[in-house]
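Below are some comments on the model you sent.

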Amino acid sequence: MEAEDAFNFVNELLMQKTQTSLNECEKDIVLGIWNNQTYQEISDLTHRYEQYLRETGPKLFNKIHEALGIKVNKRNLKPAIESLWQQSQKISNSPELGSRISNLSSRETPSHTSQLNYGNNGEFKVSNFNPFIPPNGIVDDPQLFFNRDEELNRIFEIFNSNSSVALIGEEGIGKSSLLFIICQQAKDRLTSPRTAIYLDIIKIKNEEDFYTALCGEIGISQVRGYQLNRALQKQRILLALDNLGKITRDGFTRELRDHLRGLAEGSNAPLRLILAASEPLENLFYDSQEGGKTSPLAGICLPEYIKPWNENTACKFIETRLQTTPVRFTEPEIGQLIEESAGHPRKLMQLCYQCYQKYSRAHH
């Protein structure tokens, strides 16, 4: 099997079982593993952040295990899928099965717009599946990322003027997805090259854990204070911190924020910061208001407020997602979806997902 054939085979089976397809990052992992590439090699070829690939890989393997009932990892993915392919040929009792799957890679229709089903006679039947994915969580597929070009342009202008940025917006407005895309595009859009590193504060327990994670991602020995300053002298990092508000938990101190500021100050600083928070930084940390102090991070991060979509953008989003399906929402339905979601991307996605499910059930 060729790599593209293997990916399309697995992807179609997953769509049959779960009504969701693999995203572009997962596709890059499957193709890379099939071609015996390391995560570093996949990262170099796809311009994806290596650590994100390493985190996505196990999640992908677990997804395949849960949906298809086969345990896979980076070492056995290829033989496991080849074995499954052979079994499917026997089950279908169709000599054309292999060529039909192979031909999937040449379809003009994007893989995420169709679902593969087996008929009683072993033939393939393709039916549309819900295009409003993912209904929850981060959008980590650049092809599914929608309408934040203006924000991205402003953010990279700020970076290229040697400043840091704070993304400010309510929960679920799309800050995490925007951070992901920023890390993806940094290699091509930064005038002064920096390595993008993403850390989710939700997954970090305390200050000590933060430094462990930071040093691990950078690839240096675990150090703090002046030793960290020395270790970063020749490093140029774009540090993306998601869910920054979690730094207000016990176990974190102002000292961490002061240190980050020191590492990010100056045109040639080791760090450039992109932070995501649900409220302005000067309001987020109460200790910054004591004794006339100011928030250390607010002083160096220019705010970029992430707002809900307006009516035109929301309509365009719905139209774009439905474009490759036979379903079209009515004008009253679209109006109600926009009104109920108030232009909030995650809420709109969830409501559209539910609306599409009604159409799907009505036609089956």
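1. Is Lys 27 buried or exposed? The model is a predicted one, and in it Lys 27 has a relative accessible area of 18%. The cut-off for buried is under 20%, so Lys 27 counts as buried.

2. Lys 27 pairs with Glu 4 in a salt bridge, and their closest N and O atoms are 3.8 Å apart. The limit for a salt bridge is 4 Å. Glu 4 lies in helix α1 (residues 3-18) and Lys 27 in helix α2 (residues 24-34), so the bridge ties together parts separated by 23 residues in sequence.

3. How many salt bridges does the model have? The count is 8. As background, side chains of opposite charge can pair when their charged atoms come close.

4. A second bridge to look at joins Arg 224 and Glu 208, with an N to O distance of 2.8 Å. Glu 208 belongs to helix α9, while Arg 224 sits in the loop between α9 (207-218) and α10 (225-231), so this pair links parts 16 residues apart in sequence. Both partners are partly exposed: Arg 224 has a relative accessible area of 30%, and Glu 208 has one of 39%.

5. Arg 261 and Glu 265 also form a salt bridge, their closest N and O atoms being 3.1 Å apart. Glu 265 is partly exposed at 41% relative accessible area, and Arg 261 is partly exposed at 24%. Elsewhere, bridges with shared partners connect Glu 207, Glu 208 and Arg 224 in one network.

6. The geometry of helix α9 can be checked. With 12 residues at 1.5 Å a residue, α9 should span 16 Å, and the 17 Å between its end C-alpha atoms agrees with that. The expected span takes one less than the number of residues.

7. Which residues of α9 are buried? They are Glu 207, Phe 210, Tyr 211, Leu 214, Cys 215, Glu 217 and Ile 218. Viewed down the helix axis, the buried residues of α9 fall within an arc of 160°, so they line one face of the helix. An α-helix has 3.6 residues a turn, so residues three or four places apart point the same way.

8. A search of the whole structure turns up 1 cavity of 30 Å³ or more. The largest cavity has a volume of about 50 Å³. Its lining consists of Tyr 49, Tyr 52, Phe 180, Cys 183, Gln 184 and Tyr 198. Helix α8 (residues 175-189) contributes the most to this lining, with 3 residues. The lining has 5 nonpolar residues, 1 polar residue and no charged ones.

Note on methods. Residues are numbered from 1 along each chain as its sequence is written. This is a predicted model: local features need pLDDT of at least 70, side-chain atom pairs count only at pLDDT 80 or more; totals for chains, interfaces and linings use all residues. Side-chain values use heavy atoms; hydrogens and water are left out. On a 1 Å grid over the protein atoms alone, a cavity is a set of points where a 1.4 Å probe fits but cannot get out, and a pocket is an open set with protein on both sides within 12 Å along at least five of seven lines; lining residues have an atom within 4 Å of a point. Grid points are joined across faces, edges and corners, and a volume is the space filled by probe spheres set on the points. Helices (H or I, at least four residues) and strands (E, at least two) are DSSP runs, numbered from the N terminus. Ala, Val, Leu, Ile, Met, Phe, Trp, Tyr, Cys and Pro count as nonpolar, Asp, Glu, Lys and Arg as charged, and the others, Gly among them, as polar. A salt bridge is a side-chain nitrogen of Lys or Arg within 4 Å of a carboxyl oxygen of Asp or Glu. Buried means under 20% relative accessible area, exposed over 50%, partly exposed in between (1.4 Å probe, protein chains only). The arc is that of the directions from the helix axis to the C-beta atoms.
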